[in-house]
Amino acid sequence: MNEWRRTPAEEGCPFLLDSKYHKVLNRILLSLFNDPASEEFRLPVPWKEMGLHNYPAVVGSPMDLSQVRRKLNNSLYQYLHEFFSDLLLIWHNCRTYNTDESAAHYFNLALTMEIKMLHLIRQHLPSEYDLEVIQHQVAALQAQFKAEEQSEEEKEPQQESQATCPVECVAEQ
C-alpha cells in the first residue's frame with residue numbers, strides 16, 4: 001500500500017479530527033500558506049504549461065496546499081494523520097521530482113516547508129501526536145532511501161553499494 005495513504009489503524013493513529021483539532025489544523029494550514037516559501041506549493045503544479053511532460057509518471061499522487069485546504073474545509077479528513085499525510089505528500093512529491101542539481105531550489109523549499117510543518121505540529125498538537133508524525137516521517141524517509149539504493153544497484157550491478165540509512169530508526173511502541 002502507498003506509504004502516504006496508510007489507514008489510521010495501520011499507523012496506530014487514535015486522533016479523530018474533532019472541532020478542536022479542526023481549528024488547530026486551520027491555524028497550521030494558514031501558517032503554511034502565509035509562509036513565502038510555500039508559494040510553489042499553494043496550487044497544483046501546472047506541469048503541462050511548464051512542459052514537464054514526465055510529471056504525472058514521476059509523481060503518482062499530486063497534492064498541493066489548496067487541495068488540503070479544500071479537503072479540510074469540506075470535512076474530508078477523519079483523522080489528524082490524513083491531514084498531515086497530505087502535507088507530507090506535497091513535500092515528498094517535490095523532492096521526488098526535483099532531484100536534479102538545477103532543481104535544488106525546489107528541493108530545498110520542500111525541506112523548508114516540511115521543517116516548518118514539524119515545528120507547527122510541536123507547537124500546536126499534543127506531544128504524543130508529534131512523536132507519531134515523526135515516526136511516520138522517519139519510516140517514509142527510510143523507505144525512500146532504500147528504494148533509491150535499490151535503484152542505484154540495478155543501474156550499476158557491478159558496483160557494491162556501501163551506503164547506509166541516514167536516519168536512525170525509531171522504535172515502535
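## H2 against H4

Helix H2 crosses helix H4 in a left-handed way (left-handed if the near helix is turned anticlockwise from the far one by less than a right angle, right-handed if clockwise). The helices here, like any strands, are DSSP runs numbered from the N terminus, with at least four residues of H or I for a helix and at least two of E for a strand. This is a predicted model, where local features need pLDDT of at least 70, side-chain atom pairs count only at pLDDT 80 or more, and totals for chains, interfaces and linings use all residues. Residues are numbered from 1 along each chain as its sequence is written, and side-chain values use heavy atoms, with hydrogens and water left out.

H2 covers residues 19-34 and H4 residues 65-73; their axes sit 11 Å apart at an angle of about 160 degrees. Axes are lines fitted to C-alpha atoms, for helices over the stretch in contact, and angles run from 0 to 180 degrees between N-to-C directions. On the H2 side, the contact uses His-22, Leu-25, Asn-26, Leu-29, Leu-32 and Phe-33, and H4 brings Leu-65, Ser-66, Val-68, Arg-69, Leu-72 and Asn-73. Contact means heavy atoms within 4.5 Å. Sorted by type, these residues are seven nonpolar, four polar and one charged (nonpolar: Ala, Val, Leu, Ile, Met, Phe, Trp, Tyr, Cys and Pro; charged: Asp, Glu, Lys and Arg; polar: the others, Gly among them).

## H4 against H5

H4 also packs on H5, at an angle of about 170 degrees with the axes 10 Å apart. So H4 is roughly antiparallel to H5 as well. Here Leu-65, Val-68, Lys-71 and Leu-72 of H4 meet Phe-83, Asp-86, Leu-87, Ile-90 and Trp-91 of H5. That contact has seven nonpolar residues, no polar ones and two charged.

## The loop at Ser-75

Between H4 and H5 (80-97) comes a loop that holds Ser-75. Ser-75 isn't a glycine, yet its phi is positive, about 55 degrees. Most residues other than glycine have a negative phi. Ser-75 is exposed, with a relative accessible area of 56% (exposed is over 50%, buried under 20%, partly exposed in between, using a 1.4 Å probe and protein chains only).

## The whole chain

Zooming out, the chain has seven helices and zero strands. Of its 173 residues, 40% count as buried. Among contacts with a separation of 6 or more, 68% join residues 24 or more positions apart.

How values were computed. Parallel < 35°, antiparallel > 145°, perpendicular 65-115°, else oblique.
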